[in-house]
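Here are some exercises to work through with the model open beside you. Try each task before you read its solution.

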Amino acid sequence: MYTYTTQFTPVRARREVTGTCPVCGKTSKRSRTFEHTINPFNKNPDGTVKSASQVREAVTAEADAWQPDFTHQKCEARS
Ligand SMILES: [Zn+2]
């Protein structure tokens with residue numbers, strides 16, 4: 001039996017994007033922080049544990065692929 005007492009190292013990527021709300025046509029800003037951790041279960045398809053740079057690559061890819069919904073909360077309620 002294995003017990004992991006080590007705290008997993010978080011790797012974060014923050015994105016802030018400005019777009020247009022499809023309901024009112026005004027500017028809308030969205031920000032989000034993505035986080036992956038370097039841990040023994042975070043593996044590559046070949047079974048090796050992801051290195052710090054591979055985890056950073058993965059979190060960056062996820063952040064770059066993020067497609068936010070620019071609809072304002074108040075506009076969403078109206079539509
Ligand atoms: Zn709006």
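Predicted model: local features only at pLDDT ≥ 70, side-chain atom pairs only at ≥ 80, totals over all residues.

**Exercise 1. Work out the spacing of the zinc donor residues in sequence, then list the donor atoms and assign the geometry of the site.**

Next, find the atoms. The protein donors are SG of C21, SG of C24, ND1 of H72 and SG of C75, at 2.0 to 2.3 Å from the zinc ion.

Now for the geometry. Four donors count as tetrahedral if all angles lie between 85 and 135 degrees. The angles among the four donor atoms here are 103 to 116 degrees, and the site is tetrahedral.

**Exercise 2. Explain which parts of the chain the pair C21 and H72 ties together, and decide whether H72 is buried or exposed.**

Solution. Place each residue first. C21 belongs to the loop between β1 (9-20) and β2 (27-38), while H72 belongs to the loop between α1 (52-65) and α2 (73-78), so the pair links parts that are 51 residues apart in sequence.

Then check accessibility. Buried means under 20% relative accessible area. H72 has 16%, so H72 is buried; C21 is buried too.

Last, look at the surroundings of H72. Not counting residues up to four places away in sequence, H72 touches C21, C24, K26, T27, S28 and R30.

**Exercise 3. Describe how β1 and β2 pair, and what joins them.**

Solution. Start with the direction: β1 and β2 pair in the antiparallel sense, over 12 bridges.

Then pick out partners along the strands. T18 stands opposite K29 in β2, and V11 has H36 in β2 as its bridge partner.

Now turn to the connection. The two strands form a hairpin with six residues between them, and G25 in the turn has a positive phi of about 80 degrees.

Finally, take P10 in strand β1. P10 and E35 are 25 residues apart in sequence, yet their C-alpha atoms are 6.4 Å apart in space. Leaving aside neighbours within four places in sequence, P10 is in contact with E35, H36 and T37. With a relative accessibility of 36%, P10 counts as partly exposed.

**Exercise 4. Find the polar contact made by the side chain of H36, and list what H36 touches.**

Solution. Locate H36 in strand β2. The side chain of H36 makes a polar contact with the side chain of E62, at 2.5 Å.

Then widen the view. Not counting residues up to four places away in sequence, H36 touches T9, P10 and V11, and also V55, A58, V59 and E62.

**Exercise 5. Classify the aromatic pair in the structure and say which parts of the chain the pair ties together.**

Solution. The structure holds one aromatic pair. The rings are those of F34 and W66, with centres 5.8 Å apart and planes at 70 degrees, so the pair is edge-to-face; the cut-off for that class is over 60 degrees.

F34 lies in strand β2 and W66 in the loop between α1 and α2, so the pair ties together parts that are 32 residues apart in sequence.

To finish, compare each value with the 20% cut-off for buried residues. F34, at 4% relative accessibility, counts as buried, and W66, at 16%, counts as buried as well.

Terms used: Residues numbered from 1 in each chain as written. Heavy atoms only, no water. Donors = N, O, S within 2.8 Å, 3.2 Å for Na, K, Ca; no water. Tetrahedral: all angles 85-135°; square planar, octahedral: opposite > 155°, others 65-115°. Helix = DSSP H or I, 4+ residues; strand = E, 2+ residues; numbered from the N terminus. Buried < 20%, exposed > 50% of the residue type's maximum accessible area, 1.4 Å probe, protein only. Pairing = 2+ DSSP bridges. Contact = heavy atoms within 4.5 Å. Polar contact = N/O pair within 3.5 Å; in protein donor to acceptor, adjacent residues only side chain to side chain. Phe/Tyr/Trp six-rings, centres within 6.5 Å; stacked < 30°, edge-to-face > 60°.
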